[in-house]
Amino acid sequence: TVRHRLVNGMLGDVVGTLESWDAGVLAIRHRDGHLVRVAASDIVVSKVIGPSLRAAIELEGISARGWPAPDSEWLGRWWLRAAGGFTARANSVRPLGDPGLDIDAALAAVSRWYAARGLPTQVQVVVGGSLDIELRRRGWTSHPEVAVCVGTVERALGRLGGHRPGNESAAEPAGVELTGVASSAWLGLFRGGDAPPVAAEVLNGSSRSAFAAILGDTEAIAIGRAAIEDAWVGLTAIEVAATARRRGHAKSVMATLLRWAREQ
């Protein structure tokens with residue numbers, strides 16, 4: 001949020017996402033999509049507003065739909081998800097609101113649900129949220145934290161070198177293949193080609209997804225996946241074969257997926 005001097009001497013406020021700060025000018029994108037440019041010399045005061053916990057929880061629901069679990073059930077607004085143990089993301093509870101029970105009864109019901117499937121009980125929480133605090137107080141242990149990075153498609157493309165339509169040459173070799181489902185070559189590189197059969201259900205389960213691959217002589221040497229849910233696109237499974245790294249393949253895959261998302 002930025003308060004700045006207007007040409008008439010009055011003060012105005014701009015709230016949005018800071019997309020760039022170049023040559024003394026801030027480019028701020030409003031939520032409605034239009035871009036406002038403010039000279040740094042005109043700024044009276046500014047403040048960074050972090051995402052709210054509610055927004056983070058909403059994003060948890062969106063990302064869960066982009067990485068769907070074939071076996072799921074709702075407990076109030078807690079989303080119980082299972083996929084035979086393939087990835088913690090698809091085999092944990094997404095608490096998106098009130099479970100409809102007190103916390104102890106809800107956790108007991110969750111534990112029974114996962115025990116019936118031979119899986120450990122896991123809950124994916126937003127760090128610092130009330131449920132995170134409650135579980136830690138009850139002695140639950142945490143796995144390594146996962147950073148969820150967000151930004152605009154255009155800004156991400158700019159960092160990859162393909163910022164504007166018509167300036168698409170960077171990071172996009174002709175060898176990037178884009179398909180609507182995970183091909184056998186794509187799956188051959190994913191997690192060393194050792195993913196269980198249920199992985200295909202998870203990977204292909206999103207309503208709108210794309211799979212990018214750079215093919216070598218006989219197999220894929222770089223892969224990536226994009227899934228669109230609401231106004232978001234999530235990039236996952238960006239992998240490059242050990243023998244093909246440090247050649248820009250990951251950037252090429254990501255740029256191709258982001259351009260696809262922009263078209264959508």
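Which residues are linked in a network of salt bridges? The answer is Asp104, Glu134, Arg137 and Arg138, where a salt bridge is a side-chain nitrogen of Lys or Arg within 4 Å of a carboxyl oxygen of Asp or Glu. The model is predicted: local features need pLDDT of at least 70 and side-chain atom pairs count only at pLDDT 80 or more, while totals for chains, interfaces and linings use all residues. Residues are numbered from 1 along each chain as its sequence is written, and side-chain values use heavy atoms, with hydrogens and water left out.

**Overall architecture**

- The chain has seven helices and 13 strands; helices (H or I, at least four residues) and strands (E, at least two) are DSSP runs, numbered from the N terminus.
- The C-alpha trace spans about 70 × 55 × 30 Å along its principal axes.
- Of the 264 residues, 36% count as buried; buried means under 20% relative accessible area, exposed over 50%, and partly exposed in between (1.4 Å probe, protein chains only).
- The accessible surface comes to about 15,200 Å², of which 54% belongs to carbon and sulfur atoms; areas come from the Shrake-Rupley method with a 1.4 Å probe, and for residues only the protein chains shown count as cover.
- Among contacts with a separation of 6 or more, residues 24 or more positions apart account for 52%; contact means heavy atoms within 4.5 Å.

**Salt bridges**

- The count comes to 12 salt bridges.
- One of them joins the side chains of Arg138 and Asp104, at 3.0 Å from N to O. This pair links distant parts of the chain, 34 residues apart: Arg138 lies in the loop between H3 and H4, and Asp104 in helix H2 (residues 103–115).
- Arg138 is partly exposed, with a relative accessible area of 28%, and Asp104 is partly exposed at 47%.
- Glu134 forms a salt bridge with Arg138, the closest N and O atoms being 2.3 Å apart, and another with Arg137, where the closest N and O atoms are 2.9 Å apart.
- Arg137 and Glu134 both belong to helix H3, three residues apart, about one turn of the helix. Arg137 is exposed, with a relative accessible area of 60%, whereas Glu134 counts as partly exposed at 27%.

**Aromatic residues**

- The structure holds six aromatic pairs; rings of Phe, Tyr and Trp (its six-membered ring) pair if their centres lie within 6.5 Å, with planes under 30 degrees apart counted as stacked, over 60 as edge-to-face and the rest as tilted.
- The ring centres of Trp113 and Tyr114 are 4.9 Å apart and their planes stand at 80 degrees, so the pair is edge-to-face. Trp113 and Tyr114 are both buried.
- Trp67, Phe86, Trp186, Phe190 and Phe211 form one aromatic cluster.
- Arg117 lies over the face of Trp113, at 3.7 Å from the ring centre, and the charged end of Arg81 sits over the ring of Trp79, 5.1 Å from its centre. A charge sits over a ring if NZ of Lys or CZ of Arg is within 6 Å of the ring centre and within 35 degrees of the ring normal.

**Two individual sites**

- Val150 is placed in the loop between helix H3 (130–137) and helix H4 (153–160), and Val150 is exposed, with a relative accessible area of 56%.
- Thr236 is in strand S13 (residues 232–240) and is buried, with a relative accessible area of 16%. Leaving aside neighbours within four places in sequence, Thr236 is in contact with Trp67, Arg89, Gly224 and Arg225.
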